[in-house]
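Here are my notes on this model, point by point. Please read them with the structure open.

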Amino acid sequence: MAMDVVDYEIKGSEMQFVEVELDPGEAAIGEAGSMMFMDAGIDMDTVFGDGSANQGGFFGKLLGAGKRLVTGESLFTTVYTNQGQGKRRIAFAAPYPGKILPMNLKQLGGTLICQKDAFLCAARGVSLGIAFQQKLSVGFFGGEGFIMQKLDGDGLAFVHAGGTVVKRELQAGQTLLVDTGCVVAFTPNVNFEIQYVGKVKTALFGGEGLFFAKLTGPGTVWLQSLPFSRLASRVFAAAPQRGGSREEGSILGGFGAGGLLGGVLGGDDE
């Protein structure tokens with residue numbers, strides 16, 4: 001099936017959304033819950049699996065849904081089709097602060113490997129699959145990089161990354177060591193491995209984890225400065241641990257919780 005060719009506009013800075021323009025008969029697929037707004041005349045249909053046309057029959061749809069479940073996504077995707085006569089627009093919003101990256105799969109060779117929660121939306125026809133890392137070391141110690149999403153097709157797909165995004169072009173044999181959570185996406189010819197940090201003291205007290213992602217070119221790599229796992233851990237560390245509410249800047253709030261001294265000593269790690 002030929003991919004729908006859609007026009008788009010990415011708006012915003014820290015909290016972005018992408019506005020996709022659909023011609024009559026064109027459609028976009030999106031993650032459940034990612035839609036922000038849409039024009040009247042767009043038909044919304046929730047489908048089992050990834051909504052691509054290459055899922056033939058019930059077992060094909062079941063396999064597509066199973067792939068999405070393994071990557072931590074919903075069993076369902078939503079297909080938005082322009083049933084009107086003129087152009088219609090639909091917008092998809094990022095789930096947390098960061099950047100939305102347009103990926104032209106045709107220019108990238110037809111396939112992109114990305115972290116399991118990076119996919120936001122795409123033109124109809126893009127197939128969502130899974131990419132298992134082949135080496136046992138990656139499987140045991142890869143963290144976020146063990147099971148990744150694979151986007152196939154020749155149309156536009158949009159992925160989301162946290163914080164600031166940097167794109168690196170790796171030459172043949174060139175190696176980059178990255179925190180496993182900071183890898184957003186890479187082209188399939190990039191070799192993905194796991195490397196131990198090398199020193200016990202660094203592993204125990206360095207705060208960066210026991211392993212790095214080792215990316216070796218040739219190919220293209222996209223990196224993010226704020227993985228969602230890192231953001232979530234900071235929020236969890238700052239949250240009230242015993243069911244109370246901590247009021248910033250309030251001495252009375254600290255006394256009321258019985259934790260003024262603990263708040264002073266513990267800081268954000270209360």
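1. First, a term. A residue is called buried when its relative accessible area is under 20%, exposed when that area is over 50%, and partly exposed in between. By that cut-off, buried residues make up 41% of the 270 residues in the protein. Keep in mind that this is a predicted model.

2. Overall make-up. The protein has six helices and 19 strands. Take the contacts between residues at least 6 apart in sequence: 77% of them join residues at least 24 apart. The exposed surface comes to about 14,000 Å². Carbon and sulfur atoms supply 58% of that area.

3. Strand β6, at Thr-78. Strand β6 covers residues 76-82, and Thr-78 is found in it. Is Thr-78 buried or exposed? Its relative accessibility is 7%, so Thr-78 counts as buried. Leaving aside residues up to four places away in sequence, Thr-78 touches Ala-28, Ile-29 and Gly-30, and also Met-44, Asp-45 and Thr-46.

4. Strand β6, at Thr-81. This threonine is found in strand β6 too. Thr-81 has 13% relative accessibility and therefore counts as buried. Which residues does Thr-81 touch, not counting those up to four places away in sequence? They are Gly-25, Glu-26, Ala-27, Gly-41, Ile-42, Asp-43 and Arg-124.

5. Aromatic pairs. A pair of aromatic rings is described by the distance of the centres and the angle of the planes. How many aromatic pairs does a search of the whole structure find? The search finds five. One of them joins Tyr-8 and Phe-158: the ring centres are 5.1 Å apart and the planes lie at 75 degrees, so this pair is edge-to-face. The cut-off for that label is over 60 degrees. Tyr-8 lies in strand β1 (residues 7-11) and Phe-158 in strand β13 (residues 156-162), so the pair ties together parts that are 150 residues apart in sequence.

6. Cover on that pair. Tyr-8 counts as partly exposed because its relative accessibility is 36%. Phe-158, at 1%, counts as buried.

7. A stacked pair. The rings of Phe-186 and Phe-192 have their centres 5.6 Å apart. Their planes are at 15 degrees, so the pair is stacked. Planes must be under 30 degrees apart for that label. Phe-186 is buried, with a relative accessible area of 3%. Phe-192 is buried as well, at 5%.

Key. Residues numbered from 1 in each chain as written. Predicted model: local features only at pLDDT ≥ 70, side-chain atom pairs only at ≥ 80, totals over all residues. Heavy atoms only, no water. Helix = DSSP H or I, 4+ residues; strand = E, 2+ residues; numbered from the N terminus. Buried < 20%, exposed > 50% of the residue type's maximum accessible area, 1.4 Å probe, protein only. Contact = heavy atoms within 4.5 Å. Areas by Shrake-Rupley, 256 points an atom, 1.4 Å probe, with all protein chains shown as cover. Phe/Tyr/Trp six-rings, centres within 6.5 Å; stacked < 30°, edge-to-face > 60°.
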